[in-house]
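Student: I have a structure open and would like to learn how to read it feature by feature. Could you walk me through it?

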Amino acid sequence: MATPSNLVIVESPSKAKTIGKYLGPEYTVKASMGHLRDLPKSTMGVDLEHDFTPKYIPVSGKEDLIKELKKAAKAAQTVYLATDPDREGEAISWHLKELLELPDEKTHRVTFNEITQKVVKESIANPRGIDYSLVDAQQARRILDRIVGYELSPLLWRKIRRGLSAGRVQSVATRLVVDRENEIRAFVPREYWSLDVTLDRIGKPGSFQAHYHGENTKRELENEAQVQSVIDDITGKTFTVTNVKKAEKKRTAAPPFTTSTLQQEASRKLNMAPKRTMAIAQQLYEGVDVAGEGTLGLITYMRTDSLRLSDEAMAAAGAFIKQRYGKDYYYGKFHVFKSKSSAQDAHEAIRPTHVELDPERIKGSLTKEQYKLYKLIWSRFLASQMANAVFDTVSIDTQCAGHVFRSSHQSMKFAGFIAVYEEGRDDEAEAVGSPLPDLQVGDTATASKIEKEQHFTQPPARYTEATLVKAMEEKGVGRPSTYASIVSTIQDREYVVKNEKRLAPTPLGEVVNGLMMERFNDIIDVEFTASMEDRLDAIEEGQRNWKEVLAEFYTGFHQELEDAQAALEGVRLKVPEEETEEVCEACGRKMVVKVGRFGKFLACPGWPECKNTKPIVERMPGRCPKCGSSILKRKSKRGYAYYACEKGAECGFMSWDVPTELDCPECGNTMFKKSGRGRQKAFCINEACSNFLPEDQRGYYKKKTDSEETGEKKPAKKTGAKKQTGKKTAKKTEGKNK
C-alpha cells in the first residue's frame, strides 16, 4: 500500500478520528495534543527591551510527538493544518509550521465551523494561508498576560502571601465579585407593604383576589399607617369593576446559543460549570461515535458571539418542524436574529450539525452529560425557528373609595416554541395570577378577606457563575474563548468561593483586590480591560500593530509597578482570618482557617500560647457501618477525598465510596455510591446483607496486574499472611477518586 501523500494535523485524537473517517486513504490525520511550542514556564520568555520579542520553546514532554510529526510532515507532499477556527487555533497552526519547519508551498490552513463530511471535504478543497493577524492577536494576549502575571505576582508574594498569582482579566472578574459584595454590605433595606383582598361577587357566584394598585396612578404603600388608612377607607364598602382589559400576548423564542448564553443556560438548567460546559461542547464538536451513523461532529464550533445561522440550517429546521409538529408550529420564514454590534461574527451560532438527529434518537451513544448538553443546544436551535407562543391575558381594575385594586391572569392559547424549549431565568418568573371569573364593567363585590403584609427590599444577589459570565459579556471583559477559564481561575486561586451556587469573595480575594484597586487602577478597571479587548480585536482585523499595543500598555503598567514597589517598601498586608464555629478544645476560643503547605486547616487564634490545630472536615450524611458514628470527608496527603468514621483509628472504618442519605431496604445500613461526576446508583457495602454489591461491581476502573496482562498465574500466597489494614488498602487504591 502506498504511503499517504497528505498529512492533516488537528489538536485532539477524537477530532483526528472523526476527520480521518471522512477523508480517503491518501490522507493521514494526526493530533498535536494542543500546543507544541510555548513560552517557557520558568522565565518571562519575552524580551521587554527589544520589541517584546517572545522566546518560544518546545513544550516539555512532547519531544517524541514532535519527532513523529516532523517525520510524517517530511514524508508528505502536502500538510493541512486543521486546528480550531479561532485565534488560539491559528496560533497553534503557526507554531506547528515553525516547529516542523514546513515550507510555504506545502503548507495549507483549513478550518471547520462544523465537522461534517461535507464541510471537511469542502475545506480541504479550498485551503488558505495562515492568517498572521489572528496569530498576532493571540501573541499579544499571551504576552500581555505573561507580563502581568510574571511582574505582578512577585509583588503579591512579598506583600501578601507566597504563591499568589495575578491575572489581567481574572483581576477584573474578581473585582466584579468584590464590588457586588460591597453593594450588598452597603445596602439599606427599605420598607414597603402589600395589601390583597378576596372579593365575593354580589348577586353572582365566584370570588377572586385583587392586589392594591393605587389611586389615579400606581402607588406603593410605604408603611403600616398608609396600609391601615386604605383598610379603614374600604372596610364595609362595595367594590365596583371599572375596567376589564383582555388582550393577546405573544412571546418570541430566544435566539440560538452563543458561547456566553450556552454557559449561562447550562449553569441554570444543568448545574454545569462553564469550564465543564465547554469541555463537553468540545467533545460534541469534535465527534462522537453514533450507532448506525458512524463518527459525527454533532454541533458547530462552540466559541462564538454570533447569532447568525446558515440558510441551509434554517431550511432544515423548518422542514423538521413542519414534519414533526405541523406547519402551525413553524415561524413561517427564516427567523434571523441580529448579533450585537461588537460580535466578531466569524462563526455561526452554536447549533446541531444535523437537526434530524434529535437527542432521544442518539441518547444511547452519548454520555449523560453529552446527552443533556446536546439536548439543550438542539432544543434551543429548533425553538428559534418555531412560531411564537400565544397567551390570553386579562387585567381587571376594581375600585372602592377611590382606591384601585388590580387582578390579572394569563393562560396559554398556543404553545408554539414552548412545546420544545423555554429559556431559563435568573430572576423570578412573572406571576400568571389565579383564574378569574367572567367579570364585566359595573359588576360589584364585597371584601370577605383583607390581608396586609410587610416587606423589605432585598440587596442585589451575589453572582452565580452564569450571571458573572453575563456581566463580563455585557461589560466587554474577556471574549467567548476566555469566559470559562476566567470563572474557573478566580475560584482555583481562592480569590472567590462558591457557596450554594453563589460567588463570594474570600478575605484573600478582597485584600488582593484592594491592593490592585489602590496601585494598579488600569489593570483592575473594567472599561480599560474592555478597551484592551477592542485593541486585540483591531490587531485581529489587521488595523493595529501588536507590538505597538504592547508598548502602549507596558509603559503605564511598568510605571505603576515601580510606584507600588516604592510605596509599599517595608509594608506587608495581612489577610483577615476566617473565623469558624469550631471551638478550640484547649482554650475555648473559636478556631480560624489557616493555609499551610498541604492546604487549609483549623488553628487556634491564641498562638503561640495555644498551638492547637486540626484538619478541616466535612460531615457526610449517613452513619458509620461499623459503629454507627458520623462519617467525615477527609483528604489524603495526595489530595484525594475519602470517607472515614469520626472516631478515626478507634473504629478504623474508611471508604473511597461516598455515603448517601439512603438506608438499605434489607439491612438498614447507610448506602454508598461510586465517587465521580453524574448521578450514581447507591449500593449496600454490608457483606452480610443480601443486597451487598461487591467492590469489583461498583464501576471503578480495575488496573490489570502484569500477570493478568501476560496470562500468567500468580504464585499462591503464603498461608498465615496478615490481612491488609485499611491504611494499606487506602494507599494502594488512592488513584480512584482523582
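**Reading the model, feature by feature**

Tutor: Gladly! Let us begin with a cavity: helix α15 gives the largest share of the lining of the largest cavity, four residues. Keep in mind that this is a predicted model.

Student: How many cavities of 30 Å³ or more are there, and how much space lies in the largest cavity?

Tutor: The count comes to one cavity of 30 Å³ or more. About 70 Å³ of space lies in the largest cavity. Its lining has 13 residues, and those closest to the centre are Ser171, Thr174, Tyr495, Val512 and Met516. Two elements give two or more residues each to this lining: α6 (168-186) and α15 (507-519).

Student: What is the make-up of that lining by class?

Tutor: Seven of the lining residues are polar, five are nonpolar and one is charged.

Student: Let us turn to the nonpolar cores. Which residues of the largest nonpolar core touch the most other members?

Tutor: The idea is to look for buried nonpolar residues joined through side-chain atoms within 4.5 Å. Here the largest such core has 64 residues, and Val8, Phe112, Leu298, Ile299, Leu373, Tyr374 and Leu382 touch the most other members. Helix α12 (residues 368-384) gives the most to this core, with nine residues. There is also a second, separate core of 59 residues, and among its members are Met44, Leu96, Ala140 and Phe528.

Student: I would like to follow one residue. What is Leu382 in contact with, leaving aside its neighbours within four places in sequence?

Tutor: With those neighbours set aside, Leu382 is in contact with Ala317, Phe320, Ile321, Tyr325, Val355 and Val420.

Student: Next, the strands. How does one read their pairing?

Tutor: Strands of a sheet pair through backbone hydrogen bonds, either parallel or antiparallel. In this model, take strand β11 (residues 238-251), which pairs with strand β16 (residues 444-456) in the antiparallel sense over three bridges. In that pairing Thr240 stands opposite Thr444 in β16. Strand β11 is also joined to strand β14 (residues 389-400) by eleven bridges, again antiparallel. There, the bridge partner of Ala247 is Thr393 in β14.

Student: In the open sheet of four strands, what is the strand order?

Tutor: The order is β23-β24-β25-β26, with antiparallel pairing. At the edges stand β23 (618-620) and β26 (654-655); each has a single partner strand, so one side of each is left without a neighbour in the sheet. Strands β24 (residues 631-635) and β25 (residues 641-645) pair over five bridges in the antiparallel sense, and Leu632 stands opposite Ala644 in β25.

Student: Now the backbone angles. Which value does phi of Met33 take, and is Met33 buried, partly exposed or exposed?

Tutor: Phi of Met33 is near 60 degrees, a positive value in a residue other than glycine. Met33 sits in the loop between β2 (27-31) and β3 (37-38). Its relative accessibility is 46%, so Met33 counts as partly exposed. Phe52 also has a positive phi, near 55 degrees, and lies in the loop between β4 (46-47) and β5 (53-54). Phe52 is buried, with a relative accessible area of 6%, where the cut-off for buried is under 20%.

Student: And where is Pro608 found, and what is the peptide bond from Trp607 to Pro608?

Tutor: Pro608 is found in the loop between β21 (599-603) and β22 (613-615). The peptide bond that joins Trp607 to Pro608 is cis, with omega near 10 degrees.

Definitions and conventions. Residues are numbered from 1 along each chain as its sequence is written. This is a predicted model: local features need pLDDT of at least 70, side-chain atom pairs count only at pLDDT 80 or more; totals for chains, interfaces and linings use all residues. Side-chain values use heavy atoms; hydrogens and water are left out. Buried means under 20% relative accessible area, exposed over 50%, partly exposed in between (1.4 Å probe, protein chains only). Contact means heavy atoms within 4.5 Å. Two strands pair if DSSP finds at least two bridges between them. On a 1 Å grid over the protein atoms alone, a cavity is a set of points where a 1.4 Å probe fits but cannot get out, and a pocket is an open set with protein on both sides within 12 Å along at least five of seven lines; lining residues have an atom within 4 Å of a point. Grid points are joined across faces, edges and corners, and a volume is the space filled by probe spheres set on the points. Ala, Val, Leu, Ile, Met, Phe, Trp, Tyr, Cys and Pro count as nonpolar, Asp, Glu, Lys and Arg as charged, and the others, Gly among them, as polar.
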